[in-house]
Amino acid sequence: MTDDFSGRQLCALALCAMIAPAVQYCAAVPWPWVLAAAALAAAYYIYIACMGGRLPQHLEPTAVARFALGRTGGAMTLGLAWLWTVLAAAAVCRGSVSAFPDARAFPLVPLVALYLAWRAADGGEAVVCRTGGVLVLPVLALLAAALAFGTKNVTAANLVPSGSWRDAAGPFAVFLLPSGVFALRRVEKGSGAVGWFLTGTFLAAACSVVTIGCLGAPLAAASENAFYLMSKSVSVFGVMERFEVLASAALMLSRTCLLAVLLAQGARLGKELLPVLPPRGGAAAAALAAFGLLWVVPAVPTTVLFWGGVVFWGFLPAVLLGVASLKKV
Amino acid sequence: MKKLLLLAAAAALTAVCGLLPFEGREVGGLLPVRALVVGRENGELTVSGGDGLTGRGPTWQAAMDNLKATVAGDVFYGSTCDVIFRVNAADAVADAMRDNRLRPAVRVYLTAGRPDAEDAADFLRAHPGGVTLQDIQAAALERKKTELPVLACGSGGRFALYDR
């Protein structure tokens, strides 16, 4: 086993980590707004790729902050980013109960997810990437099965475009998630990033079409977990099947993957902030902080989490890359 | 080996502490319900799943709890495809809509007769209606009224389905 990972593994990890939030936040949003959010995110990634290409290859994404803002400003930014990362990890961990809405999932399910994610992150970024590369296939297969059989119940009249541009906000935050994954390393050319992004976009749009097509926009919007509700109604040959079990498994695997990414990112930021940290201390510190916040995070409003994602996975990397490339010029 | 033993010990401890998120069920003890007939008798709501599965109580919740308490085994609603409301219990549709035990795609009917749940399930398997619990829920959100299909019961266990 090598400690390195390929760009393809990184993209697979990004897709796998994105699936659970995409299912949760895109399933209840009408498909035109999902596609609009994807187009906006694509423009963002093109900007990031252009700006990143102007910087030296050896400059790691986390080192860009120090390069752009200097020692003190960079350290403060990285500190804030670490705080956001552990808060997001706690939110993702606590949110893993949504994969099992009919069970008393707290605290066992979040703790199991956190333990597995910590084990992956503790092994290093290469292990997290390999985890994503392996898990993406079963997650896609499980989701595809639920979606394919769900199409039988789709009513075309439910798919008439509705809603407003504000509906695109949730899907946009979801499409920014890979930006957090790419903080582990920049994606080089030839890794098929465009293909992976299009797969994610197709999947998010398919979730929206099948869920809203089955439930209708009002019921999907009123439901806490519209995709799970839809999968409970999937029938094969006129008999209702337990497809929600497949949905639960896919969502749990994807969330564990996302959690591992956040812990690995926390470890990288921690190492950058405190170089004296032992090699395996970064992931443990992030996991411990996320564990401590598990009971606090329900009090954090969803809007804070949304804006945190937009700032730390969208705005901040864009500004830092812009400043860093100007400095270089 | 040491890790496996630790894992097994952790799983056992979790089960002993009652922290497992799911309840274990014996497959042999499952009592699958294919159709539910909901009516009202002597001011009490009655819920019948056929084969002697009957529960009664002042509310939907109480009747379903009574059904669970009075049978030897686990009542399994995962296979329930149809819920038939007698006219005198039509107000219980709203309670059924909020019950997580029933799948959202369960089809709903209204009847003036007293159908047997098993006979009705056989008929409705071949002639399914077009209104589900999630249709009623979606219509309620849009403040629209849903007309339920009517299941007519004739003599000798004969049925007919009418759309209103």
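Which residue of chain A forms a salt bridge with B:Arg103? I looked this up first: the partner is A:Glu244, and the closest N and O atoms are 3.3 Å apart. My criterion was a side-chain nitrogen of Lys or Arg within 4 Å of a carboxyl oxygen of Asp or Glu. The count between chain B and chain A is one salt bridge.

**Ground rules**

I am working with a predicted model, where local features need pLDDT of at least 70 and side-chain atom pairs count only at pLDDT 80 or more, while totals for chains, interfaces and linings use all residues. Residues are numbered from 1 along each chain as its sequence is written, chains are lettered from A and ligands numbered from 1 in the order in which they are written, and side-chain values use heavy atoms, with hydrogens and water left out.

**Interface of chain B and chain A**

I found 22 residues of chain B in contact (heavy atoms within 4.5 Å) with 22 residues of chain A. The buried area is about 1800 Å², with 61% of it given by carbon and sulfur atoms; this is the accessible area (1.4 Å probe) that the two parts lose on being put together, summed over both. B:Arg103 turned up again here: with B:Pro21 and B:Gln134 it supplies 32% of the area that chain B buries against chain A, more than any other three residues.

I then checked polar contacts, and the rule finds six residue pairs across the interface, both residues at pLDDT 80 or more. Helix H1 (2–16) and helix H5 (133–141) of chain B are the elements that give two or more residues to the side touching chain A. H5(B) has the largest share, four residues.

**Chain B as a whole**

I get five helices and nine strands (DSSP runs: H or I of at least four residues, E of at least two) for chain B. Its radius of gyration, taken over C-alpha atoms, is 19 Å, well over the 15 Å from the globule rule for 164 residues, so chain B is more spread out than a compact globule. That rule is 2.2 Å times the number of residues to the power 0.38. The C-alpha trace spans about 65 × 40 × 35 Å along its principal axes.

**A look at A:Thr256**

Is A:Thr256 buried or exposed? It is buried, at a relative accessible area of 12%; the cut-offs are under 20% for buried and over 50% for exposed, with partly exposed in between (1.4 Å probe, protein chains only). I placed A:Thr256 in helix H11 (residues 244–273) of chain A. Beyond its neighbours within four places in sequence, A:Thr256 is in contact with A:Ala113, A:Leu116 and A:Ala117.

Conventions: Polar contact = N/O pair within 3.5 Å; in protein donor to acceptor, adjacent residues only side chain to side chain.
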